[in-house]
Amino acid sequence: MAELSLVFLGAPGCGKGTQAALVGGRLGVPAISTGEMLRAAVAEGTELGQRVERIMAAGELVDDVTMAEVVGERLGTADARDGFILDGYPRTVAQMGALDRILAATGHGLDAVVSIEVPEAELVRRALARRRADDSEEVVRTRLDVYRRKTEPVIAEYRQRGLLREVDGFKGVEEVTDEILSAVAVRV
Ligand code: AP5
């Protein structure tokens, strides 16, 4: 098993959750989805869940301070000690700075950032086929707009740092998994 610390980014519906679970299984590291963690908090009706429910339903981003707390706590747990895949974090330049600090505090480095690229029409098609609570056409358009404005600058910054690996996500699920594994230079 390869011990790697990775970030998966990409527009809503690009397949980052699907691929984080598959690649995490292949590498033997936990896939940590901030979206899943927040949905679980909403489903459980925790204080966090009550705070973020309306923001998520509107397709907007939860605030950076809350997200740093959620991710900092999760990356401090024992199963993330030898590597992880962070799915959907960081999504703003401020979150990127927060992640740098969390990684330094928890003794992690970042091996690569995978950006999964899918044409917009396919992103909308996938979301509307899935019909999660935040998958109405209007909310999907908002999530895409938020992604372009707030997360694309994060991708540009990781490119500058030489960490970015861009992968074509408009292919079958298995092919995308193989592309990601070769992009992060792992054979398993
Ligand atoms: P999050 O859960 O991260 O949602 P998202 O970014 O909108 O992404 P999705 O989950 O819709 O898509 P995905 O790229 O994971 O694709 P998936 O594998 O599911 O976040 C939800 C919300 O939480 C945000 O809007 C925000 O409010 C909040 N949040 C989360 N993180 C935050 C952060 N860091 N800061 C602030 N707020 C945050 O696939 C999509 C569909 O396509 C599935 O049906 C799947 O089966 C299908 N599919 C996957 N791969 C393929 C393929 N290759 N071919 C065909 N179909 C495919």
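**View 1. What lines the largest pocket?** Its lining residues divide into 18 nonpolar, 14 polar and 12 charged. (Nonpolar covers Ala, Val, Leu, Ile, Met, Phe, Trp, Tyr, Cys and Pro; charged covers Asp, Glu, Lys and Arg; the others, Gly among them, are polar.) A pocket here is an open set of points on a 1 Å grid over the protein atoms alone, where a 1.4 Å probe fits, with protein on both sides within 12 Å along at least five of seven lines; lining residues have an atom within 4 Å of a point. Keep in mind that this is a predicted model: local features need pLDDT of at least 70 and side-chain atom pairs pLDDT 80 or more, while totals for chains, interfaces and linings use all residues. Residues are numbered from 1 along each chain as its sequence is written, and side-chain values use heavy atoms, with hydrogens and water left out.

**View 2. Helices and a strand build the pocket lining.** H1, strand S2 (31–33), H2, H6, helix H7 (137–160) and helix H8 (173–183) each give at least two residues to the lining of the largest pocket. H1 hands over the largest share, six residues. (Helices are DSSP runs of H or I with at least four residues, strands are E runs of at least two, numbered from the N terminus.)

View 3. You'll find the ligand sitting in the largest pocket, that is, more than half of its atoms lie within 2 Å of the pocket's grid points.

View 4. In the side chain of Thr18, an N or O atom is 2.5 Å from an oxygen atom of the ligand. For Lys16, a polar side-chain atom lies 2.8 Å from a ligand oxygen.

**View 5. A cis peptide bond in a loop.** Going from Tyr89 to Pro90, the peptide bond is cis, with omega near 5°. Pro90 itself is in the loop between strand S3 (84–87) and helix H5 (93–106).

**View 6. Arg131 and its positive phi.** Arg131 isn't a glycine, yet its phi is positive, near 65°. Find Arg131 in the loop between H6 and H7.

Key: A polar contact is a pair of N or O atoms within 3.5 Å; within protein, one must be able to donate a hydrogen and the other to accept it, and residues adjacent in sequence count only if both atoms are side-chain atoms.
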